[in-house]
Amino acid sequence: MLKGIRPEFDFAASSDFIADGLLDSFDMVTLVADLDKTFSISIDGVEIVPENFKNIETIRALLQKHGITT
Amino acid sequence: MNFTFRNKKISGILTILPAHEQKFVDDMKNFNFSEARSLKLKQVMGYDRHRLVTGGTCASDLAIFGFRHLFDQELLAPDSLDGLIVVTQSPDYFMPPTSNVIQGELGLRHDMLCLDINQGCAGFVVGLIQAFLMLEQDSISRVALVNMDVLSRKVSVKDRNSYPLIGDAASITIVEKSEGGAPIFANSKMDGTRREALMIPAGGFRLPSSPETAVLEDVGDNNFRAKDNLRMDGSAVFNFVQIEVPPMIESLLALAGKSVDSVDWFMFHQPNKFMLEKLCDKMKVPYEKMPSNIVEHFGNASGVTIPTAITFNLGDRLRAESFLVCLAGFGVGLTWSSMLLRLGPLGFGGMIDYP
């Protein structure tokens with residue numbers, strides 16, 4: 001899903017997508033829209049903050065809060 | 001701060017839109033992003049086209065055009081106005097007030113109160129609160145509330161944070177005394193410590209415009225704007241809205257003794273479709289009760305988006321029907337305000353184009 005949003009980056013090589021410039025605020029919104037649709041959930045608006053999209057682990061933790069395990 | 005008003009109503013709403021329309025797919029050429037990313041943004045945010053003024057058109061030109069339409073159609077008598085409130089962030093001048101400019105151009109009578117309010121996306125609700133407060137006076141029976149902005153003139157075309165969503169428009173809302181009817185409930189909050197989330201840094205007395213403030217700067221995320229341009233911290237504004245608006249609506253409904261289900265329409269400010277759908281999810285409001293189609297069709301014209309949402313989505317139904325409507329505006333200041341009122345039947349309600 002991340003590659004679909006920013007195909008030019010290697011997300012596996014980064015531990016902080018935001019600080020490394022791999023995701024900006026609009027990319028986070030796009031990712032949330034994709035996650036909501038894919039997993040039939042609604043990530044709360046207050047959860048759309050950089051801390052939750054820093055890396056794969058934080059995104060996985062966010063999904064787990066919504067009952068999704070990957 | 002809570003407000004309760006009695007024996008007052010909205011009797012008409014007219015939205016005035018510039019005829020010139022610009023499409024997002026054309027705007028994309030100005031952004032330093034791939035076409036795929038921009039198209040994805042279009043889909044998620046609901047961007048498609050927006051109405052923008054051309055040349056040197058001022059917000060007051062739209063409002064004056066709208067008033068003349070109402071006078072010509074005999075939907076409003078010029079001498080019946082006791083007050084004129086203009087809510088705008090794009091005044092004609094620092095001085096005189098734009099409300100006086102409009103009053104003078106229309107030849108309205110001298111025995112009235114004209115007032116400018118510098119407010120933005122919460123400006124429709126803030127303006128209504130002010131209008132209802134004025135109607136508490138024995139000498140004031142009818143007030144025209146004008147919301148108007150042409151902020152496209154202050155937005156960098158190379159700023160993807162702001163340009164795709166911006167729109168220009170004006171609205172004229174007539175409020176007046178009315179015997180009986182349901183009480184009107186409102187609340188409003190402000191936080192000036194977060195004022196820099198939405199601002200035009202240069203052009204006032206703190207930082208006058210100069211050749212330096214007109215220079216486009218790389219402000220990150222491949223956006224370019226000058227200090228003379230509107231600046232929006234999108235993430236800060238998004239989080240502000242998601243944190244502050246749901247409890248505000250809960251508090252308003254508690255004040256009125258109403259439930260979410262009892263409200264016919266949630267006519268909210270229209271920043272983008274994604275933000276409104278997130279609010280719906282949080283507040284358990286069905287999407288169909290909260291229109292989110294104004295950015296898509298017309299753009300976000302600050303305080304004009306709520307009257308635009310009302311006139312576009314309810315249109316002629318407002319001439320004959322009555323709805324319990326929850327209004328909410330949120331933005332510059334920062335300010336967040338809401339109102340619950342019964343709307344309709346109206347004497348007039350519609351949209352016209354400014355050529």
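In this predicted model, five strands of chain B form an open sheet in the order 1-9-16-15-14, and the pairing within that sheet is mixed. Strand 1 (2-5) and strand 14 (265-268) of chain B stand at the edges with a single partner strand each, so one side of each is left without a neighbour in the sheet. Chain B also holds an open sheet of six strands, and 19 of its residues are in contact with 19 residues of chain A. The points below take up the sheets, the contact between the chains, and some details of the backbone and loops.

**The five-stranded sheet of chain B**

- Direction ignored, neighbouring strands of the sheet with the order 1-9-16-15-14 are turned by 15° against each other on average.
- Strand 1 of chain B runs antiparallel to strand 9 (residues 184-190) of chain B, and four bridges join the two; among the paired residues, B:Phe5 has B:Ile184 in strand 9 as its bridge partner.
- Helix 9 (residues 305-314) of chain B packs on this sheet, where it touches strand 14, strand 15 (323-331) and strand 16 (335-343) of chain B, and the direction of the helix makes about 135° with that of strand 14.

**The six-stranded sheet of chain B**

- The order of the strands in this open sheet is 6-5-7-8-2-17, again with mixed pairing, and its edge strands are strand 6 (113-117) and strand 17 (348-354) of chain B, each of which pairs on one side only.
- Neighbouring strands of this sheet are turned against each other by 15° on average, with direction ignored.
- Strand 2 and strand 17 of chain B pair in the parallel sense over seven bridges, and B:Pro18 has B:Tyr354 in strand 17 as its bridge partner.
- Helix 9 of chain B packs on this sheet as well, touching strand 2, strand 8 (169-177) and strand 17 of chain B, and its direction makes about 90° with that of strand 2.

- Between chain A and chain B the count is six salt bridges, and the count of residue pairs in polar contact, with both residues at pLDDT 80 or more, is nine.
- Helix 2 (residues 25-39) of chain A gives the most to the side that touches chain B, with nine residues, while by class that side of chain A has nine nonpolar, four polar and six charged residues.

**Salt bridges**

- Over all chains, the structure holds 27 salt bridges.
- One salt bridge is formed by the side chains of A:Asp36 and B:Lys278, with a distance of 2.4 Å from N to O; A:Asp36 lies in helix 2 of chain A and B:Lys278 in helix 7 (residues 273-283) of chain B, so the pair joins two chains.
- A:Asp34 forms a salt bridge with B:Lys40, and the closest N and O atoms of this pair are 2.8 Å apart.
- In general, side chains of opposite charge can pair when their charged atoms come close.

**Backbone details and a loop contact in chain B**

- Most residues other than glycine have a negative phi, and most peptide bonds are trans.
- The peptide bond from B:Met95 to B:Pro96 is cis, with omega near 5°, and B:Pro96 is found in the loop between strand 5 (83-87) and helix 4 (98-106) of chain B.
- The peptide bond from B:Gly333 to B:Leu334 is also cis, with omega near -5°, and B:Leu334 lies in the loop between strand 15 and strand 16 of chain B.
- B:Asn7, in the loop between strand 1 and strand 2 (8-18) of chain B, has a phi near 60°, which is a positive value in a residue other than glycine.
- B:Pro201 is found in the loop between strand 10 (198-199) and strand 11 (217-218) of chain B, and, leaving aside residues up to four places away in sequence, B:Pro201 touches B:Leu207, B:Lys227, B:Asn229 and B:Arg231.
- B:Pro201 and B:Ala226 are 25 residues apart in sequence, and their C-alpha atoms are 9.0 Å apart in space.

Methods
Residues numbered from 1 in each chain as written. Chains lettered and ligands numbered in written order. Predicted model: local features only at pLDDT ≥ 70, side-chain atom pairs only at ≥ 80, totals over all residues. Heavy atoms only, no water. Pairing = 2+ DSSP bridges. Axes fitted to C-alpha atoms, helices over the stretch in contact; angles between N-to-C directions. Contact = heavy atoms within 4.5 Å. Salt bridge = Lys/Arg side-chain N within 4 Å of Asp/Glu carboxyl O. Polar contact = N/O pair within 3.5 Å; in protein donor to acceptor, adjacent residues only side chain to side chain. Nonpolar A, V, L, I, M, F, W, Y, C, P; charged D, E, K, R; others polar.
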